[in-house]
Amino acid sequence: MVLAAGEMATRKGEMESERESIKAASEEISRQFGTLVDAEEIESIKQLQHLIMGRLQDSNAVLSHFNEYSERCYAEVSGDFTRNVRLLKSMKSDLDHIFTKLRSMKAKLIATYPDAFPDGSTTNMIDQRPDLETPLP
């Protein structure tokens, strides 16, 4: 279906006319909105927004500085922290081994010398040490 040149020109003219009417309506709405709000109020809002933006930028700078500082501090102590954790785990393992040996020796002493612990301390051979791996309430 081929449109004649006259029809195309007519449609083009209609589209131009429609665009101009939309533009005129937009300008009229903009003008009416402009009369709804006082220029002083708009300027006050702009100043407040500028003030808030400045405060947010300052806060952002402070937080960025703090994050950089925290990162440096963490880098400085993370090696020591890792080393100390390994040392504590090793010490716990050594102490567990020592207490196991002590319980074993105590059991052998009780078997060999039943009168060695006359106060009844052998009846309750439960380990009374606190469990350091469970979180505190």
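With which residue does the side chain of Lys92 meet in a salt bridge? Select Lys92 and Asp96: their side chains form this contact, at 2.9 Å from N to O. A salt bridge here is a side-chain nitrogen of Lys or Arg within 4 Å of a carboxyl oxygen of Asp or Glu. Side chains of opposite charge can pair when their charged atoms come close. Both Lys92 and Asp96 belong to helix H2, 4 residues apart, about one turn of the helix. Lys92 is partly exposed at 32% relative accessibility, and Asp96 is partly exposed at 26%. Buried denotes under 20% relative accessible area, exposed over 50%, and partly exposed the range in between (1.4 Å probe, protein chains only).

Before the next stop, note that this is a predicted model, in which local features need pLDDT of at least 70 and side-chain atom pairs count only at pLDDT 80 or more, while totals for chains, interfaces and linings use all residues. Residues are numbered from 1 along each chain as its sequence is written, and side-chain values use heavy atoms, with hydrogens and water left out.

**Whole chain.** Display the protein as a cartoon: its secondary structure amounts to 2 helices and 0 strands. Helices (H or I, at least four residues) and strands (E, at least two) are DSSP runs, numbered from the N terminus. Of the 137 residues, 0% count as buried. Switching to a surface view shows an accessible surface of about 12800 Å², 61% of which belongs to carbon and sulfur atoms. Such areas come from the Shrake-Rupley method with a 1.4 Å probe; for residues, only the protein chains shown count as cover.

**Further salt bridges.** The structure holds 4 salt bridges. Select Asp80 and Arg83, whose side chains meet at 2.2 Å, N to O. These two are 3 residues apart in helix H2 (residues 39-112), so about one helical turn separates them. Moving to helix H1, select Glu16 and Arg19, 3 residues apart and again about one helical turn from each other. Their salt bridge spans 3.6 Å, N to O. Arg19 is exposed at 52% relative accessibility, whereas Glu16 is partly exposed at 39%.

**Nonpolar patch.** Finally, select Ile29, Phe33, Leu36, Val37 and Ile42, a nonpolar surface patch with about 490 Å² of accessible area together. Patches are made of residues with over 30% relative accessible area and no salt bridge, joining like charges within 9 Å and nonpolar side chains (Val, Leu, Ile, Met, Phe, Trp, Tyr) within 5 Å. Helix H1 (residues 5-36) supplies the largest share, 3 residues. Ile29 lies in helix H1 and is partly exposed, at 46% relative accessible area.
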